[in-house]
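Dear colleague,

Please find the structure below. A short account of the findings follows.

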Amino acid sequence: MITFETVNELTLKVTCSGNDVIIAKAGSFIAGDSAGGKNYKFEKLLLGPQDNFAQAALGSLIRRVTGENLPLMKVMLNGDSVTYYANYSQHVVIYKLAPGEVISVESDNILAFTQECRYEVRFIGCGILSQKGLATTLITGSGNNSYVAVLSNGNPIVLSNIQSHNTLSVDPDAVICWMSQSGYCDPQIKADLNWKTFIGQTSGESYAFEWSGNQPVSVIVQPTERRGGVSIT
């Protein structure tokens, strides 16, 4: 049995009863508490968290090519313990995925996930103007303990059109992740280019990720933009 929870918004607390494994951002461990001596250890994942070597090697290659590469480590928990993880005082947000529920997340925003989650990189084919290019990291729930912890620069906001069926539009450089209970839910790229763009009168908001009302999705946005995003002037 394993649970994820936050401490003071900035730290992930992982409570383990028995034996379990989590995958975490390399170097994110900050403290641990276990009776009878230290009963957890760390192992760097050279390729990826997939059990199959060929899949792990292919996944590693795809992540490097698409810019979704993320140094990960395996944390093996051998007995009752509490361990803590953080990354440069970033805020931590936790989600417990239902079986089959998918979260698409920027690789830089991943802090940790349980071994019941399936991890892969998938081409979305429409991100030619986005910060990360043509791919996104997918984490899919496959059990009752499919926890994911993601990072945000500041307190994030949550937008959802599941009940309202509204159109959601967000800045790709501020998106942390998006979630859907109906499988993949890739955004469309909406570009706002006109004659002003080409004479240096752009608004600075020339493109956006957009989900229509018939795409039920929840989107998490951080209150800051990534550096190095596309600037059309």
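Where is the place of Asn145? Asn145 sits in the loop between strand E12 (135-141) and strand E13 (146-152); strands are DSSP runs of at least two residues (E), helices runs of at least four (H or I), numbered from the N terminus.

This is a predicted model, in which local features need pLDDT of at least 70 and side-chain atom pairs count only at pLDDT 80 or more, while totals for chains, interfaces and linings use all residues. Residues are numbered from 1 along each chain as its sequence is written, and side-chain values use heavy atoms, with hydrogens and water left out.

Asn145 is buried, with a relative accessible area of 14% (buried means under 20%, exposed over 50%, partly exposed in between, with a 1.4 Å probe and protein chains only). Leaving aside neighbours within four places in sequence, Asn145 is in contact (heavy atoms within 4.5 Å) with Met1, Ile2, Lys96, Thr114 and Glu116. The C-alpha atoms of Asn145 and Lys96 are 7.1 Å apart, although 49 residues separate the two along the chain.

The structure also holds 9 aromatic pairs. Rings of Phe, Tyr and Trp (its six-membered ring) pair if their centres lie within 6.5 Å; planes under 30 degrees apart count as stacked, over 60 as edge-to-face and the rest as tilted. One of the pairs is Phe29 with Tyr40, tilted at 5.8 Å centre to centre and 50 degrees between the planes. Phe29 lies in strand E4 (residues 29-34) and Tyr40 in strand E5 (residues 40-45), so the pair ties together parts 11 residues apart in sequence. Phe29 is partly exposed at 26%, and Tyr40 is buried at 9%.

Yours sincerely
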